[in-house]
Amino acid sequence: MESELNEEYYKSERKTEWRDKLRKEIKAKERTGIDRVLMPESEPTVRNKSNIEVNKGITLEMAVNEAHRCLDCVVPTCIVGCPVGTNIPKFIKYLEAGDVLGAAEVLKENNSLPAICGRVCPQEIQCEAQCFYVKKLSKEGAAIGYLERFVADYAREHGDQTIPALAEPNGIKMAVIGSGPAGLTVAGELAKFGYDVTVFEALHDLGGVLKYGIPEFRLPKSIVDYEINTIKNMGVKFVTNFIVGKTASINDLKEEGYVAFFIASGAGLPNFMNIPGENFSGIQSANEFLTRVNLMGGADVNFDTPVHSGKNVVIVGGGNTAMDSVRTAKRMGAERAIIVYRRSMEEMPARAEEIKHAIEEGIEFINLTSPIEYFADEKGKVNKMRVQKMELGEPDASGRRRPAPIEGSEYDIDVDSVVIAVGVSPNPIVQQSMPDLETTKWNTIKVDENMMTSIPGLFAGGDIVRGGATVILAMGDGRKAGQGMHDYAQAEVLATI
């Protein structure tokens with residue numbers, strides 16, 4: 001019933017006079033004949049030696065021309081593909097009409113972090129994959145991500161900081177644990193409802209994985225700080241260097257008057273492969289490598305604790321984190337920055353754009369290969385890894401063909417440094433401090449359809465629930481949890497006042 005109501009809502013919006021007039025200015029056949037905009041990029045041989053942003057952004061002229069491609073469909077299937085429910089046709093039509101700041105306001109209605117999403121979200125498998133162009137015309141979808149980035153950047157550079165409408169403060173205290181995408185989103189949603197929100201962050205800096213996990217060349221920290229500042233201006237308070245479960249427990253916070261909680265502490269516990277030699281010096285997790293570089297100045301050789309990279313660096317894995325790590329290693333001076341991945345290139349889970357950028361930057365790919373042992377010098381420093389070639393068999397639970405080792409195919413690779421990027425597990429601190437909290441065998445937290453855990457008033461979302469996912473899926477959890485926490489407060493808290 002809800003989807004039908006939404007469909008009618010979008011149809012009624014589409015019928016507004018200004019949008020009807022805009023649609024008729026260009027015939028549909030002309031719109032579909034426009035080529036999708038290409039994103040300008042920094043020169044590969046320049047960017048792979050610096051942290052300049054790879055994607056340079058599109059111009060106003062390019063953005064408006066791309067907006068002309070949007071057909072303003074009667075049933076906007078693109079919205080179905082957006083985990084936070086952004087009103088995509090509406091913001092694009094505002095852009096086409098030349099009202100960029102109006103488009104920014106539409107984005108901010110459902111998305112607290114549009115400049116971030118426009119850069120790092122996999123639109124190609126979400127909103128853009130549901131575009132009419134893709135589903136019916138077998139063409140490239142509207143460049144929704146590029147347009148989102150353009151609108152958010154334009155608003156930041158040309159307009160006042162837009163803050164969504166806020167309800168009157170109600171004095172009810174809500175706590176958010178973690179300042180990553182899920183935590184920031186739920187904080188913004190609760191602020192809209194008028195709650196007194198405090199975000200508790202374990203690290204010294206805000207942003208969670210947006211800061212420690214994503215390199216500057218993909219997501220500048222200034223962009224993250226700007227988006228966080230918007231949420232601060234909505235009245236949300238932030239406390240850093242505070243580990244809930246260690247610094248203070250949730251019960252301690254309850255005594256301070258907090259009535260509902262959202263756990264968004266992420267999945268910062270790295271997975272390893274448990275193969276011989278994995279504990280040698282020079283072998284580290286991608287989490288440690290990226291955090292030390294992105295947050296702690298570890299790329300600076302003059303820093304107190306620089307990250308050792310070396311000339312021959314291997315990253316084990318094929319996801320976005322592996323791509324971030326290997327491209328970071330290249331920027332730190334590695335002569336050979338190599339991806340070793342046990343499946344084929346086609347089955348890599350990393351975004352196609354990130355793989356393309358990596359290839360352009362001189363990254364080497366050794367596919368259908370898996371490490372089986374590491375070796376070290378007399379000081380215990382890794383200097384060689386033994387790998388084994390693989391072949392693909394039948395599909396596994398992920399739908400990808402399962403890699404199987406080829407006997408007698410082992411060979412050695414000289415290495416100075418190895419980064420393991422084969423997945424992460426949830427941070428266990430909150431779970432360990434709350435034995436009654438229901439978790440899965442993977443230590444993720446169980447939630448219901450409203451993102452509430454087995455403990456009333458305690459909600460969770462993002463990687464602590466999903467075990468590792470995208471920024472936008474974490475934000476979708478935050479949006480849903482914000483509504484769930486509001487409903488809980490109305491039913492359980494305000495009813496007793």
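# A walk through a predicted structure

Let's start at one residue: Glu 41 is partly exposed, with a relative accessible area of 28%. Here, buried means under 20% relative accessible area, exposed means over 50%, and partly exposed lies in between, using a 1.4 Å probe and protein chains only.

Before I go on, a word on what you're looking at. This is a predicted model, numbered from 1 along each chain as its sequence is written, and local features need pLDDT of at least 70, while side-chain atom pairs count only at pLDDT 80 or more. Totals for chains, interfaces and linings use all residues, and side-chain values use heavy atoms, with hydrogens and water left out.

Now the overall picture. The protein has 21 helices and 16 strands; these are DSSP runs, H or I of at least four residues for helices and E of at least two for strands, numbered from the N terminus. Along the principal axes, the C-alpha atoms fill a box of roughly 75 × 60 × 50 Å. For 497 residues, a compact globule would have a radius of gyration near 23 Å, and the 24 Å of the protein agrees with that. That radius is taken over C-alpha atoms, and the globule rule is 2.2 Å times the number of residues to the power 0.38.

How much of the protein is buried? Of the 497 residues, 53% count as buried. If we take contacts between residues at least 6 apart in sequence, 70% join residues at least 24 apart, where contact means heavy atoms within 4.5 Å. The accessible surface comes to about 22,200 Å², and 51% of it belongs to carbon and sulfur atoms. Such areas come from the Shrake-Rupley method with a 1.4 Å probe, and for residues only the protein chains shown count as cover.

On to charges. There are 56 positive and 70 negative ones, and their mean positions are 4 Å apart. Lys and Arg count as positive and Asp and Glu as negative, with His and the chain ends not counted; the place of a charge is NZ of Lys, CZ of Arg, CG of Asp or CD of Glu.

How many salt bridges does that give us? A salt bridge is a side-chain nitrogen of Lys or Arg within 4 Å of a carboxyl oxygen of Asp or Glu, and by this rule the count comes to 42.

Back to Glu 41, then. Glu 41 forms a salt bridge with Arg 47, with the closest N and O atoms 4.0 Å apart. Arg 47 is buried, at a relative accessible area of 0%. Both residues belong to a network of salt bridges that also includes, among others, Arg 218, Asp 324 and Glu 354.

Next, please find Asp 153 and Arg 149, whose salt bridge has an N to O distance of 3.6 Å. They sit 4 residues apart in helix α11 (residues 144–158), so about one helical turn separates them. Both Asp 153 and Arg 149 are buried.

Glu 189 counts as buried at 7% relative accessibility, whereas Arg 479 counts as partly exposed at 24%.

Now look at helix α7 (residues 88–96), which is mostly covered: 8 of its 9 residues are buried. Among them are Phe 91, Lys 93 and Glu 96. Just after α7, Gly 98 takes a positive phi of about 90 degrees.

Most residues other than glycine have a negative phi. Leu 368 is partly exposed, at 28%. Asn 443, in the loop between α19 (429–433) and β16 (458–460), has a positive phi near 70 degrees. Asn 443 is partly exposed too, at 25%.

My last stop is Glu 140, in the loop between α10 (132–136) and α11. Buried or exposed? At 55% relative accessibility, Glu 140 counts as exposed. Leaving aside residues up to four places away in sequence, Glu 140 touches Arg 36, Arg 69, Tyr 133 and Val 134.
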